[in-house]
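Subject: Handover of a structure, with findings

Dear colleague,

Please find below the structure that I am handing over to you.

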Amino acid sequence: AGSAGSAGSAGALSFVRADVGRLPFATGSLDAVHAGAAMHCWPSPSAAVAEIARVLKPGGVFVASTFLDPTAMLGDALGSDSSVQPLSALFRESGVGTGGAFNQFWSEQELKDLTAMCGLVDFERRRSRQFIFFKVTKRLAPVGQ
């Protein structure tokens, strides 16, 4: 996780290595959080994304990349992930490819649902084969808060 401007001078950038489930930042204190090719390693992705949402300022962005379930490439070719959902379910149930650093492969819809559940909206993504890069934004606080 990194924080822009936290060192007190304009444009300052700090890099901090921390447990994604317990980020050492105040609530609503960061403009952005980046997690590059990491989500598949997290023991509790839902807790981690909730923690990222906690430390983001309203309007702050979370940018991440991770790995899609391998059937996503076939979904791209057919024009829809939903068309390969039964094959995806079989792949996931088999446990093939998981273990070691890979705790989980994702579907794009799962990433959308997870981030939305944590108050992160405006899901934008780019996909390349089994890789997805996405950006979401923390909802702005309602007027008067």
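Helices (H or I, at least four residues) and strands (E, at least two) are DSSP runs, numbered from the N terminus. Helix H2 (71-78) and helix H3 (85-94) each supply at least two residues of a nonpolar patch, to which I return below.

Some notes on the source come first. This is a predicted model, in which local features need pLDDT of at least 70 and side-chain atom pairs count only at pLDDT 80 or more, while totals for chains, interfaces and linings use all residues. Residues are numbered from 1 along each chain as its sequence is written, and side-chain values use heavy atoms, with hydrogens and water left out.

Confidence

The predictor's confidence in each residue is given as pLDDT, from 0 to 100. The protein has a mean pLDDT of 83, and 83% of its residues reach 70 or more. Over residues 1-7 the pLDDT is below 50; beyond near neighbours in sequence, this stretch has 19 contacts in the model (a contact means heavy atoms within 4.5 Å). Where pLDDT is low, the predicted coordinates should not be read in detail.

Overall architecture

The protein contains four helices and six strands, and along the sequence they follow the pattern β-β-β-α-β-α-α-α-β-β. Of the contacts with a separation of 6 or more, 62% are accounted for by residues 24 or more positions apart. Buried residues make up 34% of the 145 residues; buried means under 20% relative accessible area, exposed over 50%, and partly exposed in between (1.4 Å probe, protein chains only).

Surface

The protein exposes about 8100 Å², and carbon and sulfur atoms supply 57% of this area. Accessible areas come from the Shrake-Rupley method with a 1.4 Å probe; for residues, only the protein chains shown count as cover. Leu74, Leu78, Leu87 and Leu90 make the nonpolar surface patch, of about 390 Å². Patches are made of residues with over 30% relative accessible area and no salt bridge, like charges being joined within 9 Å and nonpolar side chains (Val, Leu, Ile, Met, Phe, Trp, Tyr) within 5 Å. A salt bridge is a side-chain nitrogen of Lys or Arg within 4 Å of a carboxyl oxygen of Asp or Glu. Leu87 belongs to helix H3 and counts as partly exposed because its relative accessibility is 43%.

Helix H4

Within helix H4 (residues 108-117), Glu108, Leu111, Leu114 and Thr115 are buried. Seen down the axis of H4, its buried residues fall within an arc of 130 degrees, so they line one face of the helix; the arc is that of the directions from the helix axis to the C-beta atoms. An α-helix has 3.6 residues a turn, so residues three or four places apart point the same way. The buried residues of H4 pack against H1, strand S4 (56-67), S5 and strand S6 (131-138). After H4 comes Gly119, whose phi is positive, near 85 degrees.

Individual residues

Asp122, in strand S5 (residues 120-128), has a positive phi of about 60 degrees although it is not a glycine. Asp122 counts as exposed, because its relative accessibility is 52%. Ala37, likewise not a glycine, has a positive phi of about 45 degrees. Ala37 lies in the loop between S3 and H1 and is partly exposed at 35% relative accessibility.

Ser44 is placed in the loop between strand S3 (30-35) and helix H1 (45-55). With a relative accessible area of 35%, Ser44 is partly exposed. Ser44 and Gly21 are 23 residues apart in sequence and 7.7 Å apart in space, C-alpha to C-alpha.

Yours sincerely
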